[in-house]
Amino acid sequence: MHFLFKFLCRKGIGPIWLGVHEAVVPEALIPDSGEIGWQDWMTVAELREVVDEWRFVPGGREALRQYLESGFGNGAREPAAE
């Protein structure tokens, strides 16, 4: 897992600092169905389509937007030092 950036989130129970990381998941995820209603992989294009329509955790939209705007998702920049 690589730390990318942090930001001050003022949504939900905020203000709180959120950290955004990238990780390689080498095996299938098995979510606890009692805690997770739905889980799947999505492309960046699919995420962009639903980000304003679906429910996200507080700060999730902001984290996604900052991630996409940063260029990390397309390999354009290197992760920040931890």
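## Two phenylalanines and a second aromatic pair

Phe5 is buried in this predicted model, and Phe7 is likewise buried. These residues belong to one of the two aromatic pairs that the structure holds. Because the ring centres of Phe5 and Phe7 lie 6.4 Å apart while their planes meet at 40°, the pair is described as tilted; the reasoning is that an angle over 60 degrees would be needed for an edge-to-face pair and one under 30 degrees for a stacked pair.

The rings of Trp38 and Trp54 also form a pair, with centres 5.5 Å apart and planes at 85°, and so this pair counts as edge-to-face. Trp38 is found in the loop between S2 and H1, whereas Trp54 is found in the loop between H1 and helix H2 (60–70), so the pair ties together parts that are 16 residues apart in sequence. Trp38 has a relative accessibility of 52% and therefore counts as exposed, while Trp54, with a relative accessibility of 36%, counts as partly exposed.

## Leu4 in strand S1

Leu4 is part of strand S1, which covers residues 2–9. With a relative accessible area of 2%, Leu4 is buried, because that label is given to residues under 20%. Although Leu4 and Gly19 are 15 residues apart in sequence, their C-alpha atoms are 7.5 Å apart in space.

Which residues make the nonpolar surface patch of about 330 Å²? The patch is made by Val25, Leu29 and Trp41.

## A patch of negative charge

The surface also carries a patch of negative charge, in which Asp40, Glu46, Glu49 and Glu53 gather. One of these residues, Glu46, lies in helix H1, which spans residues 44–50. Is Glu46 buried, partly exposed or exposed? Its relative accessibility is 36%, so Glu46 counts as partly exposed; the reasoning here is that a value under 20% would be called buried and a value over 50% exposed, so that the range in between is called partly exposed.

Note on methods. Residues numbered from 1 in each chain as written. Predicted model: local features only at pLDDT ≥ 70, side-chain atom pairs only at ≥ 80, totals over all residues. Heavy atoms only, no water. Patch = residues over 30% accessible without salt bridge, like charges linked within 9 Å, V, L, I, M, F, W, Y side chains within 5 Å. Areas by Shrake-Rupley, 256 points an atom, 1.4 Å probe, with all protein chains shown as cover. Salt bridge = Lys/Arg side-chain N within 4 Å of Asp/Glu carboxyl O. Lys, Arg positive; Asp, Glu negative; His and termini not counted. Charge placed at Lys NZ, Arg CZ, Asp CG, Glu CD. Helix = DSSP H or I, 4+ residues; strand = E, 2+ residues; numbered from the N terminus. Buried < 20%, exposed > 50% of the residue type's maximum accessible area, 1.4 Å probe, protein only. Phe/Tyr/Trp six-rings, centres within 6.5 Å; stacked < 30°, edge-to-face > 60°.
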